[in-house]
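Here's a quick tour for anyone who likes to think in atoms and contacts. Have a look at the model first, then read on.

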Amino acid sequence: MSELAERRAELAANLALVRTRIELACGQAGRDPHEVSLIVVTKYFPASDVRLLLDLGVHHYGENRDQEAGPKCAELRADAPAAPAVSSAPELTMHFIGQLQTNKAGSVARYADVVHTVDRPRLVSALDRGAQAAGRRLRALVQVDLEPERDPNRGGARPEDALTIAEAVDTAAHLELGGVMAVAPLGADPDEAFAALARVARGIQVRFPSASWVSAGMSGDLEAAVRHGATHLRVGTAILGSRPHLR
Ligand SMILES: *Cc1c(COP(=O)(O)O)cnc(C)c1O
């Protein structure tokens, strides 16, 4: 078997396992698996893996660093023969899931379809300007920090500030409010964390009913996320394997 065929078989097997986990979790939670989208987090892995995943039926991929995501995305979009200049390849949706510095917002706005990590008003305006300059509309999720103790170096808005950020996104002409996103705090009970996220999501949905996305759950805690209403799971390691430590 060629290296590429081997990698394809490995990804296919891992993907099948993760899909089974999602189906089981949905079954236990009384949810329809079609309500839950899988975003495969391909950070540190090459565009060739994203191509294999696309071939295996994955339509959403996630990246967390502009300097890696930009070139990878350009490479993938160059694949589509004579892709129309404006519409991004519809079969592949690019999710930006990393901490985003305001000065990188213009770059990310050129290629991301969804930005999961909107956590402060200045980033809202920077992304809005970037999307306008690129002639695009971006879907934006409000990232909520679920750690009990505030650390300004960590991303995410305080739960009590999430609605204010959502309002800012809703007002931005080139952004569309999608919902909320969070990472469960390390060492904490993910069920508690995702229950708290669900409360924030409901508070925002009272005001903005179409902001229905809840991006939560990774390789280790996707079942808990499904139990608490996640609509988008961000799974890396369980599908691609351990990330290389260098780079
Ligand atoms: C890397 C990353 C993931 C994927 O984590 P795994 O444990 O590899 O599944 C999910 N969400 C965010 C924000 C990440 O940075």
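## Ligand site

Keep in mind that this is a predicted model. Which residues sit around the ligand? Val41, Lys43, Ile97, Met181, Val183, Met218, Ser219, Arg234, Val235, Gly236, Thr237 and Arg243 surround the ligand. As for the space the ligand takes up, that is the largest pocket.

Oxygen atoms of the ligand show up in several polar pairs. With Thr237, a polar side-chain atom is 2.5 Å from a ligand oxygen. Gly236 gets there through its backbone, with an N or O atom 2.8 Å from an oxygen of the ligand. Arg243 uses its side chain, where an N or O atom lies 2.8 Å from a ligand oxygen. On its own the ligand would expose 390 Å², and the protein buries 87% of that.

## Helix 2 and its neighbours

Helix 2 runs over residues 47-55, and its buried residues are Ala47, Asp49, Val50, Leu52 and Leu53. What do they pack against? Their partners are helix 1 (3-29), strand 1 (37-41), strand 2 (60-63), helix 3 and helix 9 (237-240).

Just past the end of helix 2 comes Gly57, with a positive phi of about 95°.

## Gln67

Helix 3 spans residues 66-79, and Gln67 is part of it. Is Gln67 buried or exposed? Its relative accessibility is 52%, so Gln67 counts as exposed, given that the cut-off for exposed is over 50%.

Gln67 and Pro190 are 123 residues apart along the chain, and their C-alpha atoms are separated by 30 Å.

Technical notes. Residues are numbered from 1 along each chain as its sequence is written. This is a predicted model: local features need pLDDT of at least 70, side-chain atom pairs count only at pLDDT 80 or more; totals for chains, interfaces and linings use all residues. Side-chain values use heavy atoms; hydrogens and water are left out. Helices (H or I, at least four residues) and strands (E, at least two) are DSSP runs, numbered from the N terminus. Buried means under 20% relative accessible area, exposed over 50%, partly exposed in between (1.4 Å probe, protein chains only). Contact means heavy atoms within 4.5 Å. A residue is near a molecule or strand if one of its heavy atoms lies within 4 Å of it. A polar contact is a pair of N or O atoms within 3.5 Å; within protein, one must be able to donate a hydrogen and the other to accept it, and residues adjacent in sequence count only if both atoms are side-chain atoms. Accessible areas come from the Shrake-Rupley method with a 1.4 Å probe; for residues, only the protein chains shown count as cover. On a 1 Å grid over the protein atoms alone, a cavity is a set of points where a 1.4 Å probe fits but cannot get out, and a pocket is an open set with protein on both sides within 12 Å along at least five of seven lines; lining residues have an atom within 4 Å of a point. A molecule sits in a cavity or pocket if more than half of its atoms lie within 2 Å of its grid points.
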